[in-house]
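Hi,

Here is the structure I promised to pass on.

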Amino acid sequence: MKNKANPFVNVLKKLKETTDQLDLGEQFYSKMSKPNVVLEQPLTIKLDNGKEKTYQAYRVQYNNDRGPYKGGIRFHPEANLDEVKTLAFLMVLKCAVVGIPMGGGKGGIQVNPKNLSEGELERLSRAWVRAFYKDIGPQKDIPAPDVYTNPKIMSWMVDEYSKLVGQDSPASFTGKPIANGGSAGRETATAQGGYYVLSELAKKLNMKPEQTRVAVQGFGNVGYHTARILHEQGYKIVALSDSRGGIVINGDGVNPEHVMRVKKAKGVLVGAYCHGTVCDLIDHDKISNEELLELDVDILVPAALENQITDANADNIKAKVILEMANGPITPEADAILFKKNIQVLPDILANAGGVVVSYFEWLQNLDENQWTEKEVFDKLQKTMQQSFSDVWAMARKKKVDLRSAAYLLGVDRIAKAK
Ligand code: NAD
């Protein structure tokens with residue numbers, strides 16, 4: 001089912017359509033269709049068995065016309081340069097759509113971190129910093145977590161960066177543990193932001209949480225917290241999945257906190273990762289990730305990887321709303337099919353922007369040597385996400401386009417003006 005199409009080609013198609021609509025000219029498109037800087041380096045670390053192993057590492061600094069480069073680091077066996085470029089491009093747009101003064105970047109290592117011990121993971125994380133530290137920094141490029149990276153990895157990275165530059169530098173990375181200069185609310189910010197945006201759309205569509213059935217693909221940081229918050233707000237969570245498959249829950253759905261407890265209790269901890277799965281909940285029917293996408297639910301939340309909904313399965317999607325918490329889960333061909341089917345897609349560059357908004361708040365707190373309360377963080381986040389939704393919604397009405405096209409029009413126009 002998955003489209004092996006290059007995700008970078010997909011985002012460039014959308015960029016071209018947008019720059020044409022905005023009449024920005026070939027020169028602007030040509031500049032925006034390439035990252036400013038591409039850094040690639042093999043990292044060699046010592047494994048616990050004494051042997052050495054090399055992993056390919058990346059940092060792409062896409063565009064900084066609106067502020068320093070900002071974007072996460074992904075550790076994944078399929079991480080590759082085109083994926084990192086795509087994610088860096090989406091960061092540029094995302095920061096523009098939510099109006100924070102940051103540019104876009106992204107990093108990665110091609111590795112399955114679940115096969116590493118904690119010591120190996122730490123050595124690899126520190127090696128990434130040694131490879132790129134001269135090109136990043138609080139005023140230049142500020143990385144954060146993404147798939148299979150977490151606050152602990154960020155704290156190793158800040159520590160390594162601080163040692164290399166000879167001074168404490170908490171503002172060099174965001175998504176840190178609170179004890180190491182992290183922000184209250186950062187761990188759940190992406191999900192919280194998605195919830196604020198969804199609530200605005202739910203008002204427009206007159207959706208009532210208690211009558212709304214939700215399926216979530218991906219049960220990591222973003223997927224778990226999105227499911228948890230929606231459950232707390234009265235939505236029915238009727239399907240969940242992770243890399244090992246999914247479950248369907250009949251009736252009123254399930255409490256995601258219970259699923260997480262079982263996943264942790266039954267899963268084996270290898271290195272820094274729990275090898276449990278939502279499929280450990282034995283009293284529910286099992287489904288594949290592909291089947292989850294096609295369930296008869298009201299809201300579908302892709303919260304794993306890109307290219308999940310393509311022209312091969314878009315026609316079978318039954319949800320009325322798709323909350324794109326993952327980056328790039330829908331291809332342009334699928335977008336067109338979903339639009340015809342009148343399915344509302346809350347696009348990634350709006351829906352999952354809560355993470356970078358709170359990363360920006362964390363950076364501000366670090367630079368000011370300040371610490372905001374969780375309430376302050378979420379109040380500011382809510383305002384930002386509601387305003388961004390309202391801007392995107394107004395643009396969609398004005399131009400009679402879908403919400404992704406509207407978000408692109410808004411974001412690209414802001415970048416062009418900054419230039
Ligand atoms: P994570 O590592 O915490 O979780 C990833 C989850 O996806 C895991 O549950 C994993 O089992 C599951 N998964 C992996 N491959 C899968 C597959 N083929 N099918 C179904 N599930 C699969 O990562 P995360 O931080 O939650 O990121 C998830 C998505 O959200 C990514 O697209 C990421 O770019 C995006 N995102 C994350 C943040 C953030 O703040 N962490 C912010 C914005 C966007």
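The second largest pocket is lined by 13 residues, and those nearest its centre are Phe339, Gln344, Val401, Asp402 and Leu403. A pocket here is an open set of points on a 1 Å grid over the protein atoms alone, where a 1.4 Å probe fits and protein lies on both sides within 12 Å along at least five of seven lines; a lining residue has an atom within 4 Å of a point. Its volume is about 220 Å³, a volume being the space filled by probe spheres set on the points, with grid points joined across faces, edges and corners. Helix H10, strand S14 (344–346) and helix H13 (374–399) each give at least two residues to the lining of this pocket, and H10 has the largest share with three. Helices (H or I, at least four residues) and strands (E, at least two) are DSSP runs numbered from the N terminus. Sorted by class, the lining of the second largest pocket comes to seven nonpolar, two polar and four charged residues. For the classes, Ala, Val, Leu, Ile, Met, Phe, Trp, Tyr, Cys and Pro are nonpolar, Asp, Glu, Lys and Arg are charged, and the others, Gly among them, are polar.

Before you go further: this is a predicted model, where local features need pLDDT of at least 70 and side-chain atom pairs count only at pLDDT 80 or more, while totals for chains, interfaces and linings use all residues. Residues are numbered from 1 along each chain as its sequence is written, and side-chain values use heavy atoms, with hydrogens and water left out.

Now the cavity, meaning a set of grid points where the probe fits but cannot get out. The structure has one of 30 Å³ or more. The largest cavity holds about 200 Å³ of space. It has 19 lining residues, and Asn10, Val11, Gly328, Ile330 and Tyr408 are the closest to its centre. At least two lining residues come from each of helix H1 (7–21), helix H3 (81–97), helix H10 (332–340) and helix H14 (403–418). The lining of the largest cavity splits into seven nonpolar, six polar and six charged residues.

Where does the largest cavity lie? Domain 1 (22–180) and domain 2 (189–351) both contribute to its lining, so the cavity lies between them. The domain bounds come from an automatic or database domain assignment. The C-alpha centres of the two domains are 26 Å apart, and 19 residues of domain 1 are in contact with 14 residues of domain 2. Contact means heavy atoms within 4.5 Å.

H1 and H3 also meet each other: their axes come within 8 Å and cross at roughly 30°. On the H1 side the contact uses Pro7, Phe8, Val11 and Leu15, and on the H3 side Asp82, Lys85, Thr86, Phe89 and Leu90. That makes six nonpolar, one polar and two charged residues in the contact. Axes are lines fitted to C-alpha atoms, for helices over the stretch in contact, and angles run from 0 to 180 degrees between N-to-C directions.

S1 and S2 (residues 52–63) run antiparallel and are joined by ten bridges, with Pro42 opposite Gln56 and Val37 partnered with Gln61.

Strand S7 (residues 236–242) and strand S8 (residues 245–248) pair antiparallel over four bridges, one of which puts Ala239 with Val248.

Cheers

Methods:
Pairing = 2+ DSSP bridges.
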